[in-house]
Amino acid sequence: MTLTVGLTGGIASGKSTISSFYQSLNIPIIDADIESRLAVEIGEPAYVEIVAHFGKDILHQDGTLNRQKLGEIIFSNEAERNVLNSIVHPDVRRRMDEKQRQAVKTGEKIVILDIPLLFENKLDTMVERTILVYVDQDIQIARLMNRNDLSHEQAVNRINAQMPLLEKKALADEVINNNGSIENSLQQAKNILEEWHVFSI
Ligand SMILES: CC(C)(COP(=O)(O)OP(=O)(O)OC[C@H]1O[C@@H](n2cnc3c(N)ncnc32)[C@H](O)[C@@H]1O)[C@@H](O)C(=O)NCCC(=O)NCCS
Ligand SMILES: Nc1ncnc2c1ncn2[C@@H]1O[C@H](COP(=O)(O)OP(=O)(O)OP(=O)(O)O)[C@@H](O)[C@H]1O
């Protein structure tokens with residue numbers, strides 16, 4: 001039996017930091033952000049649809065997607081965001097389903113799906129347990145501005161494009177509080193798996 005776990009959070013709340021730690025324990029990770037990048041590579045069906053809707057202005061000269069430009073559009077315009085989501089999400093879902101099936105087939109004890117929009121898109125039906133990486137909003141804004149070199153307004157727009165973390169906290173089975181040091185958060189991440197008796201370190 002494979003335990004399927006959904007790891008979620010908000011933008012820049014620390015999901016990748018936690019999922020890299022789980023990966024270092026040889027736990028298979030399926031990452032929605034990676035799958036969504038694969039879905040929009042040149043020539044893929046979602047890429048073709050994106051160019052048809054948003055125009056060639058959102059491409060680099062070599063034809064690859066200018067992610068920064070597309071991000072500026074969709075994080076400040078809900079209607080455009082919904083269009084992009086409707087193009088990309090079904091394909092991401094298919095790719096993740098396929099990888100999850102593989103993990104079950106090869107008899108993995110646990111597989112972790114790292115999905116930022118797990119609750120927004122009601123993908124918690126795909127998983128048996130959920131872990132939320134939580135951070136207070138002022139810290140989230142500061143880390144996001146720093147990581148992506150964004151203004152305060154741009155960072156807030158991106159955060160507002162998602163369900164508030166406090167609402168997600170109420171929906172999750174387990175919460176990792178990532179306000180403190182990374183070391184402290186990794187300890188919490190480890191404790192959860194030990195409590196579930198799926199991993200002992
Ligand atoms: C808009 C795009 C081009 C910006 O690319 P960029 O490289 O700057 O960001 P990246 O893809 O690494 O995403 C960073 C974070 O932004 C947040 N985010 C991304 N897309 C969305 C969205 N549609 N709605 C809300 N939050 C989002 C997530 O927390 C994600 O972890 C890209 O995020 C994208 O194609 N988004 C649509 C697909 C999607 O929803 N991906 C999220 C998981 S399926
Ligand atoms: N506990 C922490 N203390 C200080 N910095 C942290 C901590 N956790 C994460 N960070 C930093 O905050 C930023 C966001 O973390 P991370 O990339 O793991 O978030 P994420 O939730 O995966 O983001 P996204 O979904 O937007 O890609 C990174 O620059 C990371 O190095």
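**Exercise 1. Find what share of the residues in this predicted model is buried.**

Step 1. A residue is buried if 20 or more other C-beta atoms lie within 10 Å of its own.
Step 2. Apply it to the 201 residues of the protein. Buried residues come to 30%.

**Exercise 2. List the secondary structure elements of the protein and judge how compact the chain is.**

Step 1. Count the elements. The protein has nine helices and five strands.
Step 2. Read their order from the N terminus: β-α-β-α-α-α-α-β-β-α-α-α-β-α.
Step 3. Compare sizes. The radius of gyration is 17 Å, and the globule rule gives 17 Å for 201 residues, so the protein is as compact as a globular protein of that length.
Step 4. The C-alpha trace spans about 50 × 40 × 25 Å along its principal axes.

**Exercise 3. Work out what share of the contacts with a separation of 6 or more joins residues 24 or more positions apart.**

Step 1. Take the contacts in the protein with a separation of 6 or more.
Step 2. Pick those between residues 24 or more positions apart. They account for 72%.

**Exercise 4. Describe the shell around ligand 2.**

Step 1. Count the residues. Ligand 2 is surrounded by 16. The closest are Lys15, Ser16, Thr17, Arg143 and Arg147.
Step 2. Assign elements. Helices H1 (15-24), H6 (137-148) and H9 (182-195) each give two or more residues to this shell.
Step 3. Find the main contributor. H1 gives the most, with three residues.
Step 4. Sort by class. The shell around ligand 2 holds eight polar, four charged and four nonpolar residues.

Notes. Residues numbered from 1 in each chain as written. Chains lettered and ligands numbered in written order. Predicted model: local features only at pLDDT ≥ 70, side-chain atom pairs only at ≥ 80, totals over all residues. Near = placed C-beta within 6 Å. Helix = DSSP H or I, 4+ residues; strand = E, 2+ residues; numbered from the N terminus. Nonpolar A, V, L, I, M, F, W, Y, C, P; charged D, E, K, R; others polar. Rg over C-alpha atoms; globule rule 2.2 N^0.38 Å. Buried ≥ 20, exposed ≤ 12 C-beta atoms within 10 Å, placed from the backbone. Contact = placed C-beta atoms within 7 Å.
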